Amino acid sequence: MQQPTIPINEEKRIAELDSYKIIGELESEDYDFLTQMAAQICETKIALISLITNDKQWFLSHHGIKERETPKELAFCAHAINQPENVFIVEDARKDKRFQDNPLVTGYPTVIFYAGMPLVTENGFPLGTICVIDDNPKKLSEKQINSLKLLAKQAIKLLELRKKTSLLEEQNNTLKKTNLLFNESQRINKIGAWELDIKTGSVFWTDEVYQIHEVANDLIFDKTKGIEFYHPDDRHIIINALENTINTGEPFDVQCRFITAKNNFKWVRSSGKVLEENGKRTKLFGTFQDITEIKERQEKLRVSEETFRANFEQAAIGMALLNEKGQWLKVNKRLCKILGYTKDELLKLTFQDITFPNDLETDLILLEELIGGKRDGYTMEKRYFHKNGEIVYVILGVSMVKDENGKILYFISQIVDITTQKTFEIQLANIIAYNQALLDASTQVAIIGTDTKGIITTFNEGAEQLLGYDAEELINKQTPELIHIQEEVEAVAQNLLEETGEKTDGFDVFVHNAKKGKAETKEWTYKRKDGSTFPVLLSVTAIKQKKNISGFLGIATDITQMKQVEREILSLLEIAESQNERLKNFAYIVSHNLRSHSGGISSLMELIESEFPDFSQTDYFDYLKKSSINLSETIKHLTEVVQINLSAKEKLESVFLKPFIDKNTSSLMSVAKKQNIRIINEVKKETTIKVIPAYLDSIIMNFMTNAIKYSSKERESFVKIQTEETPKHVILKFIDNGLGIDLNKHGHKLFGMYKTFHQHEDSRGIGLFITKNQIESMNGKIEVESEVNIGTTFKIYFEHEKIDSQLFC
């Protein structure tokens, strides 16, 4: 029997379940109706609403069995909640390896068929399932499956409703207690009556008046003795009131402090009017009320109102009073700031005016239920329009205040701005969706995430395609060791031990450097599900939350083709080296044999010239001699070209440039003076380049002799030698003001073999060809700028090489 997989978010899921406070509750007809419907629709003997706790599955409703719980490890529903979006169906448990030996299958109640739809909360947590069970194999139709899904939604709505109702009941109970205290503080005390004979001063009190004075009912009082109970500082109030009423007939109603016979302090309210008999004022009568509690309540109410007023104005949340039509009666500063309106602007609006249309209907329905007495208050998440048109997300709490006759006075709204939180949630959802899209799109790259212990938590589609595993086979079950060759892992562990002295094994071999904050990209061999292997380039990085490692991420690329190309390149290099060696040998043979024949021809020409002087004076002999000389030069040039192209780049040396120029300048100085040409060397003595020294000598000599050879006779000529440095190159420039070259006409063949552009007796058309080959053999290049009869600039790019400038000191 296979144990159910524990969901990744199990702790949060259990906390969510606990928040419903439903486990252990009595059965409800609402839930029983759903299970009865499920059994009827799916034509099964058993239907359950099952909630999965830490250690058991508990049945909120159980149709067809008496039991109310089973162990969690036996529960089919514990498997079903791992697929919260789909109906979990086992058509015949006897044929399913996960359940075939499950006691619930082999024994009572003989679970052969099972179908369960997870009950997923608004927060995305599966609490359990609504499931149907039978002791015979079955298949559900699409209609039955859809009906089961609808029943699951109805079940979760009932649970959500119960949760919200429970929360509202708690809030309502608190409000009722507050109302009870308020009503008690407003309770009216008993009122006594009195009568005063104006002529005799005698008085009459009812029993309530005696009780307020805290004296026996049989004591006899007159006007004077009655006034003595009033507080000394307030006696003048009652005396003036009595005298004024007697003299003018105007009634009075005063409140005074009062000291009882038992020396207790009270507040009393005394009111009276004149009784006229036969046109004369003979008596006064009125009421006498102990208003001590009222005064105390008024004082408390005053303090409470001042406190409420201060809290209302200075509250950290938005607060408002509204009438039944939704008009704002009073708003605090915070609400104005949340919505962007001034108080005066807001008081001219209703809450309907600024509510987001999609939220208005829900708000109005809840308000009607509140007015109708179906609820004591409500809380909802809604959206308002800010004055600038932006949407403001809020949590709205609404309660209602009525007078003693049940008439609505106003509604109190408490508004918490959650725009920042909501924006963050939206951004987070977008980021999650974007990251998931990246994972899904990376079909040629294996992306595998793990927790700190190495258990795989992420396995993208690319990993599935490259390795042959389904993500469900590995996530929360395996480590990356499964896809590695053990011998290779042990070899790397041994290398780490030798390099660092630290012993590692298993998963730690892959993340050894990542744990230390070092990025690592290394070649590994992956092993597919079918056992075949392939090379990958794997990069491993640590995933951190608040600087603490929470997991690792490995990104691997299949480099099979790259390895194949690498092998092909190595093979081609071997072939090229072999061919170069043969070409080199061929060059030596050709050079040697042609030189031998050329030398033989030259010797023969000298012999003919000596033995047959008459023939040597003929044009034919002269042509033959010139041809022999040209043949010798051609063989020499070809040999030089071959030797240049076969020179190895590793022969490059770092040299100072200026001494080479100085040496060639000295060699050519007499020729330059004869041609009246100035040689200007502006190269700094610390400038260094990487070259083959012999080639550098040849290049400098060639460009300097060309500048002298093709100088202009019409002006004072010069050849200027400069350098320019870039991060990668030293650019050697030969600048002259000689004859120049027509680049439009000759540019395409400038560096061709035996190409000449001026009528000069020494022109052979080989110098620039050889020079270009020498420069390119040293990783350089050559550029030219020229204008006829203005001059020419050759730019030679050499590799840059830094040498300690102290060598020049």
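Q: How many cavities of 30 Å³ or more does the structure hold?
A: The structure holds 4 of them. Here a cavity is a set of points on a 1 Å grid over the protein atoms alone where a 1.4 Å probe fits but cannot get out; points are joined across faces, edges and corners, and a volume is the space filled by probe spheres set on them. Keep in mind that this is a predicted model, where local features need pLDDT of at least 70, side-chain atom pairs count only at pLDDT 80 or more, and totals for chains, interfaces and linings use all residues. Residues are numbered from 1 along each chain as its sequence is written, and side-chain values use heavy atoms, with hydrogens and water left out.

Q: What volume does the largest cavity have?
A: About 240 Å³.

Q: And which residues lie nearest its centre?
A: Trp194, Val203, Trp205, Gly226 and Tyr230 do, out of 16 residues that line the largest cavity (lining residues have an atom within 4 Å of a point).

Q: Which element gives the most to that lining?
A: Helix α7 does, with 3 residues. Five elements each supply at least two residues: β7 (191-197), β8 (203-205), α6 (207-213), α7 (223-227) and α8 (235-248). Helices (H or I, at least four residues) and strands (E, at least two) are DSSP runs, numbered from the N terminus.

Q: How do the lining residues divide into nonpolar, polar and charged?
A: There are 11 nonpolar, 3 polar and 2 charged residues around the largest cavity. Ala, Val, Leu, Ile, Met, Phe, Trp, Tyr, Cys and Pro count as nonpolar, Asp, Glu, Lys and Arg as charged, and the others, Gly among them, as polar.

Q: Changing topic: how many aromatic pairs does a search of the whole structure find?
A: It finds 16. Rings of Phe, Tyr and Trp (its six-membered ring) pair if their centres lie within 6.5 Å; planes under 30 degrees apart are stacked, over 60 edge-to-face and the rest tilted.

Q: Why is the pair of phenylalanine 88 and tyrosine 114 called edge-to-face?
A: Their ring planes stand at 65°, with the centres 6.1 Å apart, so the pair gets that label. The two residues sit in distant parts of the chain: phenylalanine 88 in strand β4 (residues 88-90) and tyrosine 114 in strand β5 (residues 113-120), 26 residues apart.

Q: Are phenylalanine 88 and tyrosine 114 buried or exposed?
A: Phenylalanine 88 is buried at 5% relative accessibility, and tyrosine 114 is buried too, at 1%. Buried means under 20% relative accessible area, exposed over 50%, and partly exposed in between (1.4 Å probe, protein chains only). Both rings belong to one aromatic cluster, formed by Phe76, Phe88, Phe99 and Tyr114.

Q: What about phenylalanine 703 and phenylalanine 734, stacked or edge-to-face?
A: That pair is stacked, with 5.3 Å between the centres and 20° between the planes. Phenylalanine 703 lies in helix α23 (residues 693-709) and phenylalanine 734 in strand β26 (residues 729-736), so the pair ties together parts 31 residues apart in sequence. Phenylalanine 703 is buried at 2% relative accessibility, and phenylalanine 734 is buried with a relative accessible area of 2%.

Q: You mentioned β26. How many bridges join β26 to β28?
A: There are 8, and the two strands run antiparallel. Histidine 729 has glutamate 799 of β28 as its bridge partner. Strands pair if DSSP finds at least two bridges between them.

Q: What other strands pair with β28?
A: Strand β24 (residues 688-691) pairs with β28 in the antiparallel sense over 2 bridges, and lysine 690 stands opposite glutamate 799 there. Strand β27 (residues 781-787) is also antiparallel to β28, over 7 bridges; glutamate 787 has glycine 791 as its partner.

Q: How many residues of strand β28 are buried?
A: In β28 (residues 791-800), 9 of the 10 residues are buried, so to speak mostly covered.

Q: What sits in the turn between β27 and β28?
A: The two strands form a hairpin with 3 residues between them, and asparagine 789 in the turn has a positive phi of about 65°. At 36% relative accessibility, asparagine 789 counts as partly exposed.

Q: Where does glutamate 214 lie?
A: In the loop between α6 and α7. Glutamate 214 has a positive phi of about 60° although it is not a glycine, and at 23% relative accessibility it is partly exposed.

Q: Last one: which peptide bond is cis, with omega near 5°?
A: The bond from tyrosine 108 to proline 109. Proline 109 is found in the loop between α4 (103-106) and β5.

How values were computed: 1 Å grid on protein atoms, 1.4 Å probe; cavity = no way out; pocket = protein on both sides within 12 Å on 5 of 7 lines; lining within 4 Å.
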